[in-house]
Amino acid sequence: MSDNLRDSYQVTNPRPLTNFFHAVWAVVWKDISAELRSRELISAMFVFSLLVILIFNFALELDARARENVTAGVIWVTFAFAGTLGLNRSMSMEKDRGCLDGLLLAPVDRSAIYFGKAIGNLIFMFLVEIIVLPIYTVLYNVNLFVPGLIITIILGSLGYVAVGTLLSTMAIQARTRDILLPILLFPLVIPVLLAAVKASSGFLQGVSYDEISPWLNILIVYDVIFTAIAYMVFDYVVEE
Amino acid sequence: MIKVRRLVKRYGSKPVLRGLDFDVLSGEFVALLGPNGVGKTTLLRILASLSKPMSGEVFIAGFRLPSQAAAVRRRLGVVSHQPLLYGDLTAEENLRFYGRMYSVSNLENRIDKVLALIGLSRRRRDLVRTFSRGMQQRLAIGRAVLHDPEVMLLDEPHTGLDQDACAMLNHVLGEVAARGRTVVMTSHDLSVAGNLATRFDILSHGKIAASVQRSEIDPDGLMAYYRKIVNEV
């Protein structure tokens, strides 16, 4: 190789922790940059979410009281299905042109790839939620800007994405990946969805915090456990 | 530089590699030849730490796979059938991403030099999905040499390239070899392999059936030798 290609650079070997965070940030930056160009993931999730809340709005023909009762269920159904779309798209981007192999060839702890993908997925999910909540508020005339509900949505999304990123990595290796992800994912996120719907419903109906706190605790414990499991098993999941 | 002993790999009940032994010295350019389905890609994927063998030992640059995979991966540059590039990122963004994953210092400077080497400086801000197959493969080579690896693993790098793209690829590979880097390349095209490699290993029935140095055989004789070995085995 020519001499001028040789000079003034080297592969640095920083401390493993620094290397780990550099890799996580690199994956997040890459996902956000690619999405800003294509807008495929966000637009698919957003259009799907919009259609779901519109269909529920017209199909159920609810009075004011009933609207408040079903709101928690409708928003979590919307987020769960839109999230599946996003997870599938996020990992299929890695499958195109063999990019997953490119990631796996990098000399970093493979859990850095998991955390990078999970943070990217979480950002996209939050973006869709930020857009959908005001639209829902207008369509259903229900105020969703309740601090407790926002915390519930953050905790629920964290758990959903923690499991979803791991399972979408597994599903992407299969030929039937589009149908495999929901089949694998929904049974595992039942505790998250159940706890999130109960906590959300509690906050919307003004139930006391003592009644809601067990559901929030379930969400926190689920988030911690499944993030830890994903951290431990990701290397095996991506192994051929 | 590369030492493989008694390597065994099966897909289901189908054995692909059957106790394969394989050695590559530092600075050698080895062409792995053989018919389709003989295990060339499988061997390369195991060397690249993308696949685990059922049994056997693999050492690269003195590090053992899979237990020291991160140390091995730092020393590897891999070019596969697919370019391993993101279509929605530009050429320089792809290199920047991989440079960050490999913690390459002076990254912007390095990206400039690699783009110049592969002749894509003028297209650096174009999206990869707008590139031809040949341009994507050139960028894939750029991605693979970005961190100046000691060992290059190339899986059919000339597949689908036109003559100009092949010539450009050969030029880059020639420069890599001239720097004393170790290269293992699988190829169907004996004429391409014959011009680049210093040694030819013929893979058949999951083992290295024959190995011949370039100095021991003329380019015209390589085809006859290859046919003889493949038909014999």
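Guide: A disulfide is a pair of cysteine sulfur atoms within 2.5 Å. Keep that cut-off in hand. This is a predicted model.

Visitor: How many disulfides does the structure hold over all chains?

Guide: Zero, over all chains.

Visitor: Then take the cysteines one by one. Is A:Cys99 buried or exposed?

Guide: Buried means under 20% relative accessible area. A:Cys99 has 1%, so it is buried. B:Cys166 has a relative accessible area of 16%, so B:Cys166 is buried too.

Visitor: On to the interface. How many residues does each chain bring to the contact?

Guide: Chain B gives 46 residues and chain A gives 42. Then look at area. The two chains bury about 4300 Å² between them, and carbon and sulfur atoms account for 56% of it. On the chain B side, the most area is lost to chain A by B:Arg74, B:Tyr86 and B:Met101, together 16% of what that side buries.

Visitor: What charged pairing is found across the interface of chain B and chain A?

Guide: The rule finds two salt bridges there. One salt bridge joins the side chains of A:Asp101 and B:Arg45, with N to O at 2.9 Å.

Visitor: Which elements of chain B supply at least two residues each to the side that touches chain A?

Guide: One strand and several helices. The strand is S1 (2-11). The helices are H2 (69-74), H3 (91-101), H4 (107-117), H5 (133-145) and H6 (163-178). By residue class, that side of chain B divides into 21 nonpolar, eleven polar and 14 charged. Polar contacts across the interface come to ten residue pairs, both residues at pLDDT 80 or more.

Visitor: Now single residues. Where is the place of B:Arg181?

Guide: Start with the element, then the partners. B:Arg181 lies in the loop between H6 and strand S8 (182-186) of chain B. Its side chain makes a polar contact with the side chain of B:Asp148 at 2.8 Å. Leaving aside residues up to four places away in sequence, B:Arg181 touches B:Gly27, B:Glu28, B:Asp148, B:Pro149, B:Glu150 and B:Val176.

Visitor: And in chain A, which backbone oxygen does the side chain of A:Thr84 reach?

Guide: That of A:Ala80, at 2.8 Å. A:Thr84 sits in helix H4 (residues 64-95) of chain A.

Visitor: Is A:Thr84 buried or exposed?

Guide: Apply the 20% cut-off again. The relative accessible area of A:Thr84 is 7%, so this residue is buried. Beyond four places in sequence, A:Thr84 touches A:Tyr160, A:Leu181, A:Pro182, A:Leu185 and A:Phe186.

Methods
Residues numbered from 1 in each chain as written. Chains lettered and ligands numbered in written order. Predicted model: local features only at pLDDT ≥ 70, side-chain atom pairs only at ≥ 80, totals over all residues. Heavy atoms only, no water. Buried < 20%, exposed > 50% of the residue type's maximum accessible area, 1.4 Å probe, protein only. Contact = heavy atoms within 4.5 Å. Buried area = accessible area lost by both parts, 1.4 Å probe. Salt bridge = Lys/Arg side-chain N within 4 Å of Asp/Glu carboxyl O. Polar contact = N/O pair within 3.5 Å; in protein donor to acceptor, adjacent residues only side chain to side chain. Helix = DSSP H or I, 4+ residues; strand = E, 2+ residues; numbered from the N terminus. Nonpolar A, V, L, I, M, F, W, Y, C, P; charged D, E, K, R; others polar.
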